[in-house]
Each structure stands twice: as structure tokens, then as C-alpha cells.
Amino acid sequence: QKRSMVEEAFDRSKFPINATNEKIKEKAEKILNDQPGKPMAELRETLDEDGKKYLDIMVQKMEQFKTLKDDPRFKEAKKYKDCTAYKIKDNGPPIYKCEGTIPMSILDFWAFSSLPEYKPMYDDLFKEEIEMKSFHPNLNLIRQTFKAKFPTKARDFLMCCMLQLNNDGSLYSIVDNVVDPICPEDKSYVRGKLLIAGWIITPIDEKSCKATYMAQIDLCGSIPGFIKDSVAKGQGGQIQQILKGYEKFLKKKKQINIQSVLKHFQKKK
């Protein structure tokens, strides 16, 4: 029987159960009855009208994402030490896919690659992430901002994020570009578009997993072609950048903040 990611976290020596962690463990035992295992789509009736609207969009996006993963149009673009980049070039920005076997547990890798407190460890331009609205712990509207890179202006993105855990222990983390009055455009930034973005992460064992990342980004606005190409190619090497950042993280003798991870798997009040 598959162990949940939270059970795995508390069993590992990196997260010894001490007096402080007992409270966190108690919260972990109150994990959504429906997650992992129950598809997010089955939680629809627990959401408000906006939540239902965004859930419907994201469920459709997730199915598109899973189909795109095995698209035969992907051609190998570059081999890195720990991953391989593939590319589809049609009309518009290229679509990049990055796949690799990761020497981290699925919990650690998802946390380090997705939670905003760790992004600066592997993305120098990342500035901040703001949660604009939460419909459910695993369905949120967020805004991310990025610093300017000469000679361009700073960028921001407004997106809906959905996280789904599955009975086989795999995890889908999918985002989609949105336009919503909750977060109008800010003149200090050029609003970009995440046309495709997300992760499919599958556990291999307690200490390793297989990850697939895909992204298609439109930076919008006036921007030199060489910068567009640089950003796009960087998506193809995303796994390698994350692993480099994780090495720096470990050298500082830090560890993943389990509280920030668990909040995504707790029942909404």
C-alpha cells in the first residue's frame, strides 16, 4: 500500500518527530479525506461559484497537460547532467519539456520547486508570490512578480494553480494564465502569460522521483529576441537549475519547512 507524502515526511530522519513536530503531525492527520486519491473535480460542490469556474478550467487544463506530455512533436533540444530538454516549435513561443530522475523525495522536490520561499535559490529574477484568493488549499489564484532584466521591464503573472495528489502517489501541479478583476494590471510591470506550465512528479522510492516540467511563456510587451530565447531555453533546463539550487540549500545545512508543505494538504476552514 502506498504511503502518503506526509507519512513519508514524518518517517524520514530529516523530519524527526519531537515536541514541536507533534503539533504538526496532529494537523497532518486531519488531511483532506479526499486527498490524496480523490480527484479535485470531485470536490467541486464544496467550492463557491468562482471556485467552480476555475476548477472546471483547471481540470480541463490538466487533461491537456497530460496529453501534451507524450506529444510526438517534442524533439530533443539539450541534454543536461540530470535531465533532458525537449522542444516543440510551432506558431508562437516554443513549448519546452524537461524530464529527469531526481535524487529527492517527491515531497522535498515538490516543495523546493514550487513554494515561494525556495524559488530565489534557483531563480535570480524571482521577486515574490502573493496569494490573491484561495478556493481550496489545492486551488488558488496567485500573482508572481519578477525583477527587471536589462534592457527590459519587470514582469508579473496572474495564474490559477491546482495541485492534485493521486492514489499511485503521483502529483500534478498545474498552473494556467488568468484575467481576473481581483488583480488588475500594475503599471510597474508588464503582465506576461503562462500559456502552459506545470509539473507531473511520480515517486520512485522514498528518496527519489521522476519529474516532468512543461512550459510555454509569452513575456508580452516589447522585448529583444535574445532575451525571449534565453528565458524560453531556461525553461528547458528547469530541473537542472532547481537541483543546483538545492545543492546550495543543503550546503547551508537547511531543510524544507514542513509547516509550509502541510498547509497545502489540510482541510479548509
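1. Let's start with a charged pair. D176 forms a salt bridge with K61, and their closest N and O atoms are 3.4 Å apart. D176 sits in strand β7 (residues 171-177) and K61 in helix α3, so this pair ties together parts that are 115 residues apart in sequence. A salt bridge here is a side-chain nitrogen of Lys or Arg within 4 Å of a carboxyl oxygen of Asp or Glu. Both D176 and K61 are buried, where buried means under 20% relative accessible area, exposed means over 50%, and partly exposed is in between (1.4 Å probe, protein chains only).

2. A quick word on what you're looking at. This is a predicted model, in which local features need pLDDT of at least 70 and side-chain atom pairs count only at pLDDT 80 or more, while totals for chains, interfaces and linings use all residues. Residues are numbered from 1 along each chain as its sequence is written, and side-chain values use heavy atoms, with hydrogens and water left out. Helices (H or I, at least four residues) and strands (E, at least two) are DSSP runs, numbered from the N terminus.

3. How many salt bridges are there by this rule? The count comes to 14. Two of them involve R44: E45 pairs with R44 at 3.7 Å between the closest N and O atoms, and D56 pairs with R44 at 2.8 Å. The D56 pair links distant parts of the chain, since D56 is in helix α3 (residues 49-69) and R44 is in the loop between α2 (19-28) and α3, 12 residues apart. As for cover, E45 counts as exposed at 61% relative accessibility, D56 is partly exposed at 36%, and R44 is partly exposed at 27%.

4. Now have a look at helix α4 (residues 106-114), which is mostly covered: nine of its nine residues are buried. Among them are F109, W110 and F112.

5. A nonpolar core is a set of buried Ala, Val, Leu, Ile, Met, Phe, Trp, Tyr and Cys residues joined through side-chain atoms within 4.5 Å. Of the 27 residues in this core, I102, F109, F112, W199, I201 and I239 touch the most other members. A second, separate core has 25 residues, including F74, C160, Y172 and I174.

6. What does I201 touch, leaving out residues up to four places away in sequence? Its contacts (heavy atoms within 4.5 Å) are I106, F109, W110, S170, L171, C209, K210 and A211.

7. Strand β1 (residues 75-79) is hardly covered: the count of buried residues among its five is zero. It pairs with strand β2 (residues 84-88) in the antiparallel sense over four bridges; two strands pair if DSSP finds at least two bridges between them. K75 has K87 as its bridge partner in β2, and a hairpin of four residues joins β1 to β2.

8. Finally, find P151 in the loop between β5 (139-146) and β6 (155-165). P151 is partly exposed, at 48% relative accessible area. P151 and I223 are 72 residues apart in sequence, yet 8.1 Å apart in space, C-alpha to C-alpha.
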